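I opened this model to look up a few places in turn. My entries follow in the order I made them.

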Amino acid sequence: MEPNIKIEEIIGKYLKQEVSAEEEAYLQEWLQADASHQQEYEEMAEIWRASEGVLLQHQFNTSNAWTSINARITALPSATRVRTFKLLPWTKMAVAAAIIGLIATGVWRYYSVTTAGSMQHITARYNNQQVKLPDGSVVFLRKNAVLNYPRSFSEKERIVRLEGDAFFDVTTNAKAPFRINAFHSIVEVLGTSFMISATSAADKIWVASGKIMFTEEDKAGNHLILSAGQKAVFTDGQFTQGGVKDSNYLAWQNGVLNFNNTPLQQVIETLNDYYNASVILSPEIAAKADHIMVTARFDNQDLPYVLEEIKLTTGLELKRDAQKNFMLYELQPAAGK
């Protein structure tokens, strides 16, 4: 790395996921060199995230954008504003200016979009995101999901790559099958809607409409044909198939949690996944959780409200344990009663 390298350029590239391995190593070395560097970096990242409001404007105005970002910088506590990078004291202004430059050219959106040749790379960084593909198909990405696809599909096939959770509504084209490369498998459709969860542990799929072919990567002979209302999991070289009995697999997209005589254990697992939370059951409740049924519907309510409703429905008690987990437990009768 050249001695006169500009740290603000590396930070900007790192936030856009365009940093090289050498530049990332330099950044990590710089962060570890001084405790104040980490705090400076966090301030720059916060400015980057805070600029989302500017990015969502339909009409871009450079002057207004600068005013907005500059106001955010000025609004920082005075002790924060006077702190500067040791390498380049004007880094904050440079990074803010770089953000505006990226906005003005349409290169950066509030979800991360980077281009490599003819490929588009999208990461749903902070929220769920909707992406329209070149063929008109629509993909709903769950927060933290990553999607790669070409700027234009060929006439013979449409191929994308997914990491994380996403719901696909694929435009029908019998001449060009739509294929999704997941971690361990390939999903092929002509036109349908379905959800995929692609992780290093397992690939899962729920089919909402139409049919799909679920195939082990590099083993075309090992595959399943799934129709609407069916689901399957692929892990350790094996498929497990069944029917979709729980509509909550789409809760992250529509915000609706619906439990109909659902075992409490399954309810807790669903809540932990949806809220990215840690709700647990006391040992005595866990032992019989499959026999405690819950019927309730929640529409974009927060977790404390949902747990209070479940508490009332089941007659259980709710508290926070020493690790700050939410715990459902049974109130024991006082001794001698």
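**Thr192 and its surroundings**

I began with Thr192, which, leaving aside its neighbours within four places in sequence, is in contact with Phe168, Asp169, Val170, Val207, Ser209, Gly210, Lys211 and Ile212. Contact here means heavy atoms within 4.5 Å. The model is predicted, so I noted that local features need pLDDT of at least 70 and side-chain atom pairs count only at pLDDT 80 or more, while totals for chains, interfaces and linings use all residues. Residues are numbered from 1 along each chain as its sequence is written, and side-chain values use heavy atoms, with hydrogens and water left out.

I placed Thr192 in the loop between strand E8 (185-189) and E9; helices (H or I, at least four residues) and strands (E, at least two) are DSSP runs, numbered from the N terminus. Is Thr192 buried or exposed? Thr192 is buried because its relative accessible area is 4% (buried means under 20%, exposed over 50%, partly exposed in between, with a 1.4 Å probe and protein chains only).

I looked up the largest pocket next and found a volume of about 590 Å³. Lys204, Trp206, Asp246, Tyr249 and Asp273 are the closest to its centre among the 23 lining residues. On a 1 Å grid over the protein atoms alone, a pocket is an open set of points where a 1.4 Å probe fits, with protein on both sides within 12 Å along at least five of seven lines; lining residues have an atom within 4 Å of a point. The volume is the space filled by probe spheres set on the points, which are joined across faces, edges and corners.

Which element gives the most to this lining? I found H9, with five residues. By class, the lining of the largest pocket has eleven nonpolar, four polar and eight charged residues. Ala, Val, Leu, Ile, Met, Phe, Trp, Tyr, Cys and Pro count as nonpolar, Asp, Glu, Lys and Arg as charged, and the others, Gly among them, as polar.

The second largest pocket has a volume of about 360 Å³. Of its 15 lining residues, Arg142, Lys143, Asn144, Asp273 and Tyr274 are the closest to the centre. H9 again gives the most to the lining of this second pocket, with three residues. I noted five nonpolar, six polar and four charged residues in that lining.

**A three-stranded sheet**

I then traced an open sheet of three strands in the order E16-E19-E18, with mixed pairing (two strands pair if DSSP finds at least two bridges between them). Strand E16 (279-281) and strand E18 (317-320) each have a single partner strand, so one side of each is left without a neighbour in the sheet. E16 and strand E19 (residues 326-329) pair in the parallel sense over three bridges, and Val279 has Phe326 as its bridge partner in E19.

H9 lies across E16 and E19, running at about 160° to E16. Angles run from 0 to 180 degrees between N-to-C directions, with axes as lines fitted to C-alpha atoms, for helices over the stretch in contact. Helix H11 (residues 303-314) packs on the sheet and touches E16, E18 and E19.

**Positive phi**

I checked two residues last. Asp236 counts as exposed because its relative accessibility is 75%. Asn300, also not a glycine, has a positive phi of about 60° and lies in the loop between strand E17 (293-299) and H11. At 55% relative accessibility, Asn300 counts as exposed.
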